[in-house]
Amino acid sequence: GIFFRKKVHWMVWVGVALSVAGMYFLCFNGGIGGLYLGDVLVFCCALAFTAHILTVDHFIARTDGVMLSCIQFFVTGALSCVMMVLTESPDWSVIPQAWFPLLFAGVMSSGVAYTLQIIGQKDTDPAVASLLMSLESVFAGLGGWLLLQERLSVPELVGCGLVFAAVVLAQMPEFFRPKKVPERQ
């Protein structure tokens, strides 16, 4: 956002620093010990997701959120189909057996979730939106802990707390901003 001259409140920067520290504790519990291909791919995904958030921020003021979402899904679906045909050897006979997971992932996980993200991002600063979305890792960790009885270490729990604190802190400038009072006529 800096490259597009987006002003970011200093509290958001503190929130970003807290979130990075929290992600470190959440993801690199035993120390870094080496950088793996998966780590590089996740970092590249984070950069692509950043570009997505900034692109949505740019276009959402000019168009309807649902329309933007539909265009996004049509283009992504078409490009994914082309890449599938070029790089994969799909077994078409197993697709009918997986209809429910495919439908659920396509409609709920992608369609509904991303459409709501786009609509919600209309009135949200992109930096705050990205911090809000960083809670996905926190909920994944806590969900595994609560639902699957996975173990979270103290550093991982500290990481969850830091990311949550970062999200709350990043939203504080909005909370303290003076409200616009409608003028009497």
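Tutor: The model is a predicted one, and it holds three aromatic pairs.

Student: Why is the pair of Phe73 and Tyr114 called edge-to-face?

Tutor: The ring centres of Phe73 and Tyr114 lie 6.5 Å apart and their planes meet at 65°. Planes over 60 degrees apart count as edge-to-face, so this pair receives that label.

Student: Which parts does the pair of Phe73 and Tyr114 tie together?

Tutor: Phe73 belongs to helix H3 (residues 65-87) and Tyr114 to helix H4 (residues 99-121), so the pair links parts that are 41 residues apart in sequence.

Student: Why does Phe73 count as partly exposed?

Tutor: Its relative accessibility is 29%. Buried requires a value under 20% and exposed one over 50%, so Phe73 is partly exposed. Tyr114, at 28%, is likewise partly exposed.

Student: What makes the pair of Trp99 and Phe100 edge-to-face?

Tutor: The planes of the Trp99 and Phe100 rings stand at 80°, with the centres 5.7 Å apart. The angle is over the cut-off of 60 degrees, so the pair is edge-to-face. Both residues are exposed, and Trp99 and Phe100 form one aromatic cluster with Phe104.

Student: What secondary structure does the protein have?

Tutor: The protein has eight helices and zero strands.

Student: How much of the protein is buried?

Tutor: Buried residues account for 22% of the 185 residues. The accessible surface comes to about 13,700 Å², and carbon and sulfur atoms contribute 71% of that surface.

Conventions:
Residues are numbered from 1 along each chain as its sequence is written. This is a predicted model: local features need pLDDT of at least 70, side-chain atom pairs count only at pLDDT 80 or more; totals for chains, interfaces and linings use all residues. Side-chain values use heavy atoms; hydrogens and water are left out. Rings of Phe, Tyr and Trp (its six-membered ring) pair if their centres lie within 6.5 Å; planes under 30 degrees apart count as stacked, over 60 as edge-to-face and the rest as tilted. Helices (H or I, at least four residues) and strands (E, at least two) are DSSP runs, numbered from the N terminus. Buried means under 20% relative accessible area, exposed over 50%, partly exposed in between (1.4 Å probe, protein chains only). Accessible areas come from the Shrake-Rupley method with a 1.4 Å probe; for residues, only the protein chains shown count as cover.
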